[in-house]
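Subject: Structure handover

Hello,

Please find the structure below, with my notes after it. Have it open while you read.

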Amino acid sequence: MNRVLIKGGILYTMVKDQEIFEGDILVEDGKIKETGKNIQAEDAQVIDALGLCVLPGLIDAHSHIGLFDFNHDKSVDEANEMTEPVSAAMDARYGMNPKARELKVAYEHGITSMLFTPGSGDVFCGQAFAAKTYGDNIFDMTIKAPAAVKIALGGNPKNTFGDLKRLPMTRMGVAHVLWDTFRKAKAYLDKKENGENPPYDAHMEAIIPALKREIPCKIHCTQYDMLTAIEVAKAYNVRFSLEHAWGASDYLDEIAESGCDICYGPIGTYRSPGERRKVDVEAVKMLDDRGVNVALITDSPILSEESLYHHMGEAVREGTDYERVLRMVTVNPAVQLGLEERIGSLEPGKDADIILVKGRLGLDTDAGVMLTMIDGEVVYRKSRNS
Amino acid sequence: MMYLIKNGTVHIGDGRVLPECDILTEGSRIKDVGRMLHAPGAEVIDASGCEVFPGFIDPVSGIGAMGIPSRYLDNNEYSEPVTPEMNLKYSIDPDEMNAQEFYKSGITAVGLAPTNSNLMGGQIAVCKTAPQKMGQRMVREHAGLKCSVTSAVKKSNEKTNGYPMTKMGIFHLFKETLREARCEEEEKRSERQRVITDVFDSQSMQVFCAASSKTEIDGLLHLMKDEKAVINLVDAFCFADSLEQIKEQKAGIVLGNVNEMSQIAKNGMDLGKLKELLENGNRVAFTNSNGGYSEGREVFLWSAIEAYRAGVAAEDVVKMMSLYPAEMLGIADRLGTIEAGKDADISVFTGHPVTTYAARVKYSMVNGEVIV
């Protein structure tokens with residue numbers, strides 16, 4: 001039995017209604033055994049957390065790290081099969097490089113889990129998966145696969161197929177593909193359930209878990225396309241999140257009423273007519289106030305992983321309560337992905353993904369991670385004097 | 001019109017910080033800076049508990065000169081690789097600039113610059129970011145010569161039979177372009193050649209050259225070793241790998257968008273090395289752009305924060321956002337610090353934007369006009 005006692009830290013457990021308190025965490029065999037004050041565990045190895053904030057490992061719920069590689073003169077794209085508008089069966093794990101240098105940046109910055117997603121060059125881009133950021137083999141690092149059906153609206157699929165003069169080369173064309181594919185998938189599922197044995201279709205099979213509400217659809221959309229996404233998702237009663245969601249402040253009522261989740265980001269893009277017209281990080285507070293589950297995302301490596309702090313910071317700058325912002329990179333994305341039993345908060349039974357932080361990440365600009373633990377293993381430790 | 005910005009913590013921009021300090025503006029200029037200023041008739045702006053900064057400057061911005069959504073970007077004249085005579089003033093798109101709401105990040109002026117597609121792309125024009133009459137916004141044209149020795153230059157080789165198609169070709173072209181301009185008799189020089197000799201022989205403006213990898217930075221510094229023109233490396237993501245040479249030649253750095261496309265992971269960047277450059281007297285500034293293309297206003301503060309996180313003192317970072325870019329662009333007589341006689345471009349933040357994210361612009365003043 002391997003026991004570690006993290007002693008005397010300031011605990012931000014992210015457990016609902018639990019106040020911040022000074023206390024200890026006992027870790028046993030990679031899981032959190034206990035949180036509380038003055039935990040006694042004589043056989044345990046002790047990690048001194050005095051004066052440090054102790055948080056659950058951060059989660060970035062929308063990343064392409066290991067799928068996009070910018071380390072060469074010409075960038076490598078393993079995230080987009082996009083030979084057809086519907087590539088729903090593509091499994092992102094097979095394109096993922098677990099040795100991507102960005103993963104080290106991620107866990108050194110306290111990001112311990114991520115949702116790695118294909119896309120967004122076609123309409124049904126493939127299957128996203130959730131994984132830890134430390135390890136040798138992506139299949140071992142994976143927590144859940146598939147974790148979501150990735151869908152994209154707007155300029156990306158439109159440009160892919162516009163260049164080929166094929167459907168969909170317009171936004172209405174994209175909406176058509178979206179409706180049509182869900183209709184086919186529903187008919188396919190109905191046939192299966194009626195025992196009619198339709199010819200096997202891998203793409204339709206990949207959409208079934210979404211139709212059964214077992215996993216969410218992650219729908220890349222901004223501005224008005226958010227209404228399109230909501231309309232179609234409601235018609236097929238799927239769980240879904242709007243990804244990127246620029247311009248959400250214009251659609252607060254529709255978003256709140258639909259019951260969907262929001263993955264907001266990346267911020268920091270220039271504003272121009274169309275999809276980039278409004279990049280309104282102030283929307284995260286408005287949505288959070290209305291009870292919408294909001295996560296902050298970097299879209300890494302488009303924006304780099306360390307910019308997650310800046311994303312938190314911009315939400316703080318726009319008036320979002322600091323502790324609410326912390327939820328947007330921990331428990332909120334965990335709930336969105338149906339992984340709240342394992343990650344996102346410091347509670348007995350959960351994975352021991354724990355970070356020790358000097359200062360307040362996303363508020364104090366010089367706050368920094370001193371130690372990162374994933375599944376009970378210390379994967380990063382910064383010297384306390386530096 | 002006179003304004004009295006009262007009782008703020010005033011960051012002059014040159015490293016000095018004056019607590020409980022007032023600033024008096026008259027018309028478009030700063031009239032006085034000091035404690036307990038009296039100015040009957042001036043409208044009072046209460047800056048108690050606030051941090052007051054000179055307007056920040058991005059010296060090489062594409063935003064405001066791209067002309068999106070036109071088919072061809074207005075700052076990308078890559079019909080041939082050498083076009084130093086292009087004047088970015090003629091590509092200004094004020095609406096594009098207004099849409100960015102630059103003032104929310106404290107940025108009140110940008111140097112409009114060409115992309116990296118040309119070896120010599122054109123001359124930077126400095127423009128205020130606030131939505132005012134165009135006539136009031138231009139600070140200086142011919143403020144810098146934008147060059148590039150990155151692979152992007154290969155894009156401009158269509159008319160030249162594919163040349164340059166390598167780094168060797170790019171540097172060869174650079175050398176030959178300088179030599180040919182200088183060999184031509186003065187009265188026979190073309191406009192293009194005149195710009196080149198003005199810049200490289202008479203130092204009419206500084207050079208801003210995109211150079212990111214170690215190959216590009218070392219090559220450029222080697223080529224410029226005996227040149228008198230002041231060289232600023234733009235993007236410069238691998239600056240720390242060529243530190244001694246940069247120090248020796250006193251080259252400036254305009255650090256590109258740090259948090260984009262894995263620069264830190266890819267280059268193992270150690271931004272802490274900026275401290276050594278500052279101690280050595282090199283100028284350092286930030287730009288929202290990376291590879292010749294700009295991102296949104298937020299990025300500017302993020303790069304500043306990354307430098308601070310890496311150990312650069314907060315007030316040194318402030319210099320990198322205001323005084324140094326003003327000096328690089330030759331506009332320090334008007335912008336870059338809060339001093340009597342300078343343009344009244346001032347941001348009142350609720351906190352120090354380098355040390356805390358909880359810092360919002362409460363008031364923004366450009367040319368002595370209150371924007372918010």
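Ala236(B) is buried in this predicted model, because 25 other C-beta atoms lie within 10 Å. Ala236(B) sits in the loop between strand E13 (231-235) and helix H6 (243-248) of chain B. Its phi is positive, near 50 degrees, and the residue is not a glycine. Gln203(B) also has a positive phi, about 50 degrees, and is not a glycine. Gln203(B) belongs to the loop between H4 and strand E12 (206-211) of chain B. With 14 C-beta neighbours inside 10 Å, Gln203(B) counts as partly exposed. Most residues other than glycine have a negative phi.

Next, the cis peptide bonds. One joins Gly119(A) and Ser120(A), with omega at about 0 degrees. Ser120(A) is in the loop between E9 and strand E10 (124-132) of chain A. Another joins Gly265(A) and Pro266(A), where omega is about -5 degrees. Pro266(A) falls in the loop between strand E14 (261-264) and H8 of chain A. Most peptide bonds are trans.

Now the domains. Chain A splits into domain 1 (1-56 + 345-386) and domain 2 (58-343). Their C-alpha centres are 29 Å apart. The contact uses 20 residues from domain 1 of chain A and 20 residues from domain 2 of chain A. On the domain 1 side, strand E5 (53-56), strand E16 (354-358), strand E17 (368-374) and strand E18 (377-381) of chain A each supply at least two residues. E17(A) gives the most, with 3 residues. By class, that side of domain 1 of chain A has 12 nonpolar, 3 polar and 5 charged residues.

Chain B is divided into domain 1 (2-52 + 339-370) and domain 2 (58-328). Here the C-alpha centres lie 30 Å apart. Domain 1 of chain B puts 17 residues into the contact, and domain 2 of chain B puts in 21 residues. Strand E18 (346-349) and strand E19 (361-366) of chain B each supply at least two residues of the domain 1 side. E19(B) gives the most to that side, with 3 residues. The classes on the domain 1 side of chain B are 6 nonpolar, 8 polar and 3 charged.

How do the chains meet? In the contact, 30 residues of chain B touch 30 residues of chain A. Helix H7 (263-267) and helix H9 (298-309) of chain B each supply at least two residues of the chain B side. H9(B) has the largest share, 6 residues. The chain B side divides into 15 nonpolar, 9 polar and 6 charged residues.

Look at helix H9 (residues 308-317) of chain A as well. It is mostly covered, with 10 of its 10 residues buried. Among them are Leu308(A), Tyr309(A), Met312(A) and Val316(A). The charged-class Glu314(A) and Arg317(A) are also on the buried list. The buried residues of H9(A) pack against several elements of chain A, including strand E6 (58-63), strand E9 (111-116) and helix H10 (322-327), together with H9 of chain B. Gly319(A) follows H9(A) and has a positive phi, near 100 degrees.

Then the core. The largest nonpolar core has 240 residues. Val54(A), Tyr264(A), Cys209(B) and Ala304(B) have the most contacts inside it. H9(B) gives the most to this core, with 8 residues. In soluble globular proteins, nonpolar side chains tend to be buried together. Leaving aside neighbours within four places in sequence, Val54(A) is in contact with residues including Ile6(A), Leu11(A), Ile25(A), Ile354(A) and Leu356(A).

Ile5(B) is in strand E1 (residues 2-11) of chain B. It counts as buried because it has 29 C-beta neighbours inside 10 Å. Not counting residues up to four places away in sequence, Ile5(B) touches Asp22(B), Ile23(B), Ile45(B), Ala47(B), Val52(B), Ile346(B) and Val348(B).

Last, a helix pair. Helix H3 (residues 167-183) and helix H4 (residues 191-202) of chain B pack at an angle of about 100 degrees, with their axes 9 Å apart. H3(B) is therefore roughly perpendicular to H4(B). Thr177(B), Leu178(B), Ala181(B) and Arg182(B) in H3(B) meet Gln193(B), Ile196(B), Thr197(B) and Phe200(B) in H4(B). This contact has 4 nonpolar, 3 polar and 1 charged residues.

Best wishes

Conventions. Residues numbered from 1 in each chain as written. Chains lettered and ligands numbered in written order. Predicted model: local features only at pLDDT ≥ 70, side-chain atom pairs only at ≥ 80, totals over all residues. Domains from an automatic or database assignment. Contact = placed C-beta atoms within 7 Å. Helix = DSSP H or I, 4+ residues; strand = E, 2+ residues; numbered from the N terminus. Buried ≥ 20, exposed ≤ 12 C-beta atoms within 10 Å, placed from the backbone. Core = buried A, V, L, I, M, F, W, Y, C linked by C-beta atoms within 7 Å. Axes fitted to C-alpha atoms, helices over the stretch in contact; angles between N-to-C directions. Parallel < 35°, antiparallel > 145°, perpendicular 65-115°, else oblique.
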